[in-house]
Amino acid sequence: MHAITEAVRRIVFAVVAAFLVAGFAASTPARAQAGNGGYNVDEVINTGHKFFGTTSGSLAQVVEQAFQRFGLPNGYILGEEAAGAFFGGLRFGEGTLFTKNAGEHRIFWQGPSLGFDVGGDGARTMMLVYDLPSVEAVYGRFGGVSGSAYLVGGLGMTVLVRDNIVLVPIKTGVGARLGVNLGYLKLTPMPTWNPF
């Protein structure tokens with residue numbers, strides 16, 4: 001049983017790594033947004049440590065990787081979500097969008113997924129938001145590939161894109177989850193039970 005679990009884990013990690021590499025290679029070059037009211041790496045890491053309640057180096061590594069690829073975010077979302085899947089899955093979350101130029105705004109997200117994905121988790125989520133021209137532009141569907149592999153807790157990063165806006169969800173969760181899936185997140189100004 002341990003050998004099967006280990007083999008599945010290796011396959012999932014290989015598939016997730018391949019999709020992430022392909023996604024990073026196809027995305028546009030990083031743009032410096034300091035002049036547009038962007039957040040620097042220290043601000044985001046300090047906020048993340050306070051929000052996640054941790055001072056581990058793994059959060060800093062994940063945030064620095066996002067900054068190296070995409071530059072300075074001009075917004076971020078802090079919130080919580082719950083998700084579950086048995087090949088098809090759903091996730092629901094809520095939080096607050098923070099921007100330097102447009103203030104704070106309540107935000108909700110939900111979305112379906114389909115793939116080799118089994119389990120459930122609850123997570124605290126920080127989403128870095130890049131190239132956001134206005135608060136209203138964040139509402140809508142963002143597609144991408146997601147992967148999970150943990151039995152008690154974990155820290156992970158994915159990349160979701162729509163038009164020129166990039167969302168980088170960073171989550172730390174508790175639960176039992178293993179898999180890789182395709183799906184999207186729909187961000188809305190009001191809560192809804194409809195993930196589509």
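Lys-171 and Glu-81 are both buried in this predicted model. Their side chains meet in a salt bridge, with N and O 3.1 Å apart. Lys-171 belongs to strand β6, which covers residues 165–188, while Glu-81 belongs to strand β1, residues 75–99, so this pair ties together parts that lie 90 residues apart in sequence.

Glu-81 has another partner. The side chain of Arg-91 also meets Glu-81 in a salt bridge, and here the N to O distance is 3.3 Å. Arg-91 is buried, as Glu-81 is.

A further salt bridge links Arg-162 and Asp-163, whose closest N and O atoms are 3.7 Å apart. This distance meets the definition, because a salt bridge requires the nitrogen and the carboxyl oxygen to be within 4 Å. Are the two residues of this pair buried or exposed? Arg-162 has a relative accessibility of 19%, so it counts as buried. The reason is the cut-off, because buried means under 20%. Asp-163 has a relative accessibility of 66% and therefore counts as exposed. For that class the value has to be over 50%. The bridge from Arg-162 to Asp-163 thus has a buried residue at one end and an exposed residue at the other.

Glu-81 takes part in the bridge with Arg-91 and in the bridge with Lys-171. The structure holds six salt bridges, among them the bridges of Glu-81 with Arg-91 and with Lys-171, and that of Arg-162 with Asp-163.

Definitions and conventions
Residues numbered from 1 in each chain as written. Predicted model: local features only at pLDDT ≥ 70, side-chain atom pairs only at ≥ 80, totals over all residues. Heavy atoms only, no water. Buried < 20%, exposed > 50% of the residue type's maximum accessible area, 1.4 Å probe, protein only. Helix = DSSP H or I, 4+ residues; strand = E, 2+ residues; numbered from the N terminus.
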